[in-house]
Amino acid sequence: MAVQDVISAPVTAGIRTPVIAVEGLKKHFPVKKGLLRRTAGYVYAVDGVSFSVGEGETLGLVGESGCGKSTVARTVLRLVEPTNGTIRLNGRDITRLGKAALRPHRRQMQIIFQDPFSSLNPRMSAGDIVGEPLQVHGIAGGKEKEERVAALFDQVGLRRLQMRAFPHEFSGGQRQRICIARALALNPKLIIGDEPVSALDVSIQAQVINLMMDLQREKNLSYLFIAHDLAVVEHISHRIAVMYLGKIVEYTDKQTLFTNPLHPYTEALLAAVPIPNPQLKRKKQLLQGDVPSPINPPPGCTFHTRCPYAEARCRLDVPALREVSPNHMVACHLR
């Protein structure tokens, strides 16, 4: 059964104000060597990323493994400190805020991790896990907390009797519902999904995605949805950003991206998506070589080592992410 057959239609996009706006975000991890642990270089995990997510909108972030998607998520949440750039939440710059000043803003941003089992404390019951944010932030305790947790279980499709069960007693899809309930506990404006359905089988993926979309309609949530499955991203997203080696190479609405991709890397990603019809054939576009090392990225366009259309200037000049048509941005010298 294909994901397309069981996922409901996405939320209709409307006029939105930015909930999160990221400009020139960079995260470089130092590489230490020798007995003195001197810095011998840097891993350019995120290297100048800019995007925004509007109110009630879903921005899909796609790319190969190792391109920096998860680092973007953790840096935006300030779980990892940025090297450079600015992060604005509801118009407020939170890039350099200290722990105390950042604490009230953390309630507005939550994350759903890829592996639901490893992100849940095996020693805590499901009810205690979902209720922990309420207690940590001093919002509710005792009977009031229990009532709020029970309401959250109802919202995500779990039974109240399961509040006393432990993570190992749940299936994979149920564990991810617990993670969603925990993310909703503080009524956030933004939820970041770091490949939240990639560890689930296809039918359960559809259920979790439908749940997230229903919650978005009900609560006007904003999502930064990270995934490598383009079929899933197509259904849940309003706009899509394509990442390659720490940079965004194409950024537009989903309909334009899937019907008129402009960057060669985006074309290759779409060509790799199987068509659920044996009568139709898609021309394969195999990329040559491997992804370059983020410690020593190639000069010029980082994709030129695998690009079938690369020219001399692609090896020297870094292409800027520019608008080539209304609301369609691409970083390519050939466009």
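Biologist: Leaving aside its neighbours within four places in sequence, which residues is threonine 95 in contact with?

Modeller: First, this is a predicted model, in which local features need pLDDT of at least 70 and side-chain atom pairs count only at pLDDT 80 or more, while totals for chains, interfaces and linings use all residues. Residues are numbered from 1 along each chain as its sequence is written, and side-chain values use heavy atoms, with hydrogens and water left out. Contact means heavy atoms within 4.5 Å. With sequence neighbours within four places left aside, threonine 95 is in contact with Arg78, Glu81, Pro82, Gly85, Thr86 and Ile87.

Biologist: Is threonine 95 buried or exposed?

Modeller: Threonine 95 lies in the loop between β5 (92-93) and α3 (99-106); helices (H or I, at least four residues) and strands (E, at least two) are DSSP runs, numbered from the N terminus. Buried means under 20% relative accessible area, exposed over 50% and partly exposed in between, with a 1.4 Å probe and protein chains only. The relative accessible area of threonine 95 is 2%, so threonine 95 is buried.

Biologist: Which side chain does a polar contact of 2.6 Å join to that of threonine 95?

Modeller: A polar contact is a pair of N or O atoms within 3.5 Å; within protein, one must be able to donate a hydrogen and the other to accept it, and residues adjacent in sequence count only if both atoms are side-chain atoms. The partner of threonine 95 in the 2.6 Å contact is aspartate 93.

Biologist: How many residues of helix α2 are buried?

Modeller: Helix α2 covers residues 69-76 and is mostly covered. The buried residues are Lys69, Thr71, Val72, Ala73, Thr75 and Val76.

Biologist: Which residue with a positive phi follows α2?

Modeller: The phi of this residue is near 65°. Arg78 is also among the contacts of threonine 95. The residue is arginine 78.

Biologist: At what angle do α4 and α6 pack?

Modeller: Two packed helices are described by the angle between their axes and the distance between the axes. Axes are lines fitted to C-alpha atoms, for helices over the stretch in contact, and angles run from 0 to 180 degrees between N-to-C directions. For α4 (residues 126-136) and α6 (residues 172-184), the axes are 7 Å apart and the angle is about 25°.

Biologist: How far apart are the axes of α4 and helix α5?

Modeller: Helix α5 covers residues 142-155 and packs with α4 at an angle of about 120°. The axes are 9 Å apart.
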